[in-house]
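Please open the model in your viewer and keep the selection tool at hand. The tour goes from one selection to the next and says what is there at each stop.

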Amino acid sequence: MKIIGFLCVFLTLFFLMCSVYGAETPAYIPESCISMVTVANIQGDPGISWMLDAWIHSPRQSPLRELLKTIKAREMSVAVFPPKQGSLHSLLCVMDLGKGPKPDKEKLNNVILPDPDTQIQSVSYKGSMIFYVQTDSPEDFSAYAVLQDKLIFGSDTDVLKKAIDGPSVEKSAEYQKVKAFFPQRKDGLLFANNDGARFVKFLQPLEEKWNMTLLLSAEYLNWMGSSFDMLDSNQASGIFVFQGSDESKIEDIQDDAEFLGEAFKRKFIAEKIDYKSTVEVKGSAVILNMQIEGIEPLWKKLFEQGILSLIRPGSE
Amino acid sequence: MNITKETVKKWAKRTGLGIAALIVGFLIGFSIWLLSPLPQLPPWKLMPSSSFAFFTVNLDPVDPGISALLEKFQESMIGEETGRLKSFAIKKLFPSFFPKRITGLISLENTADEPRFVFIVSMGKMVRLMKLAGGPLDRALFGEKPTIKLRVEGQSYRSVQNPEGGMEPAAFTILKNNFLLGTDLSVLEDSFRMYTRASRPGVEEHYLSGLLLQATLQRGGYLCADNSKGQLSRFFQIIQDTYSFAAFPSVDAVSSIMGELHFLPEEVEGSVTFYCKGQESLAEVRSDVKFIYGAMRRVLKASDVDMKGNVRIEGSCVGFEFRIMNLINAIQKGDEI
């Protein structure tokens, strides 16, 4: 009896850990990514499920939104990769479908079809089928693959092959540090890797577009991480961590964190949203804490604009 | 009739001499027209009604800082492949075309939902050449937008046919030594009426034009914004509504802003004072000024220009002092700031 009781408690704890620490989708995100956002517990969390529902049903409809109406993704990771010459940054989106309904093939194809006349092609790679379309400049995604209970979309077949090949971002020392920084996972985790100045390079096209240096201390950062929690449709809280490479540059990093907090404040004032933030320094890390209330209208506005355009410099 | 070779030669010689005389006569006439004394019209006489803010920058090369800036600018225009004639023109003629002063005036009518801007480029006699520039000047200012020439109350204007509003330049005119560029035709007409005294300035406009008069008598740059009638607050509210971003949320607590800028051979230094209506909102104003300083630093950094500053509270004012370094290097590299 004691053993069964122990097993029950152990299994209960294990499943609870899985739901909180789940994060299965980063296993398919290659280590070479610049930044990655993972959103967990999509169906169970009131804030996240509202967000997904609002995004799916916002007026600007797309085949991806049509697909998401029919599947129940438990977790999702979206990653940005360095661009190939002359093209936009590559994107990879991994969804964990769990035991939910299998995605409809036609709806999957529609996500990558630039127009109905385009021919879907397929290629077998390491035992997995990759479906793709030939296009010079995909709007968002031009290839997908279904690997057991994971659905993976990519800007092109190369990024999908990398997802299958690995190594995963989970093996990266920087990502492990971000995970260690946030032992209690919230709804979402953002990771921006500046190993080899890749995040600095990611910011460059944005800075050229806006004629503005976004982070003065970007070159002194090892990584940036954020854990955020959508309490409900209207309230959110988050922590941004700017991990510096050198304590002597901490003032510059703190200045950036304060500027970012103040910029958020001014954006939220204009949108009539309550916002509070504090900045603290811990060793060579600077931590920006934020609490936001009344954010629902801004989410809706963002979803109508197209959320991917925000994270993919150069796209409209 | 017998036309001999000698006669033809004579005619040719006479015609050639005649053409040469005409050219010389034209050049002398043109030079007299170009170089004859030009009455100077100070920018303070051109302040449109409902003006609440101005900035003015003296670009006279007598100022050693401006002289260094001009030299570097000339150097940046001369590359290894630049021909001798072009290099000579840039070195010798360019300073004559360089404006002596640039002034910006911002006005906002009580019922208007858009501010109006006038930029006054005060030049030397070379402003006369701009009257001859015609189409190329139109294209440089307005792109491919169709333009029309208008004459109102004896003054000629060139305006975009269907102005789109906003902060884009839409009309210009030349008044004595000044080239005036406005965001709409009405603001230029307003400036002209103020100059001819067809309109009488109000007490507050008198006060502001007096400050501009003082500023134009000095070297360097000056900035002044008056919020006594709430126009500065409304101006920031319009920006907030347009861009969904509150750049200066505590502006209501500010009664006026005064700033100055000094060009030194190696750097630019300046200060801006935000005079507040009371003590209670000083912290918020300081936070906003600090944010604006941060934004300026980041914008300048994108052009490899460094800025260092200090924001502090003094009595019922918030003071902001700054230094801008490497500005000349950025100009040499040809960066846009």
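Predicted model: local features only at pLDDT ≥ 70, side-chain atom pairs only at ≥ 80, totals over all residues.

Residues are numbered from 1 along each chain as its sequence is written, and chains are lettered from A and ligands numbered from 1 in the order in which they are written.

**Domains of chain A**

Select residues 39-165 of chain A as domain 1 and residues 171-311 as domain 2; such bounds come from an automatic or database domain assignment. The centres of the two domains, taken over C-alpha atoms, are 25 Å apart. Across the boundary, 18 residues of domain 1 are in contact with 17 residues of domain 2, where contact means that the C-beta atoms, placed from the backbone, lie within 7 Å. On the domain 1 side, helix H2 (residues 46-56) of chain A supplies the largest share, seven residues; helices (H or I, at least four residues) and strands (E, at least two) are DSSP runs, numbered from the N terminus. That side divides into 12 nonpolar, three polar and three charged residues, with Ala, Val, Leu, Ile, Met, Phe, Trp, Tyr, Cys and Pro counted as nonpolar, Asp, Glu, Lys and Arg as charged, and the others, Gly among them, as polar.

**Between the chains**

Next, show both chains: the contact takes 13 residues from chain A and 14 residues from chain B. On the chain A side, helix H8 (residues 250-270) gives the most, with six residues, and by class that side has six nonpolar, two polar and five charged residues.

**A helix pair in chain B**

Now select B:Leu70, B:Gln74 and B:Met77 in H2(B), which meet B:Ile90, B:Lys91, B:Phe94 and B:Pro95 in H3(B). By class, this contact has five nonpolar, one polar and one charged residues.

**The sheet of chain B**

Finally, colour the strands of chain B, where 12 strands form an open antiparallel sheet in the order E4-E5-E6-E7-E3-E2-E1-E8-E9-E10-E12-E11; two strands pair if DSSP finds at least two bridges between them. At the edges lie strand E4 (147-152) and strand E11 (306-314) of chain B, each of which pairs on one side only. Within the sheet, strand E5 (residues 155-160) and strand E6 (residues 171-175) of chain B pair in the antiparallel sense over two bridges, and B:Arg158 stands opposite B:Phe172 in E6(B).

Definitions and conventions. Contact = placed C-beta atoms within 7 Å.
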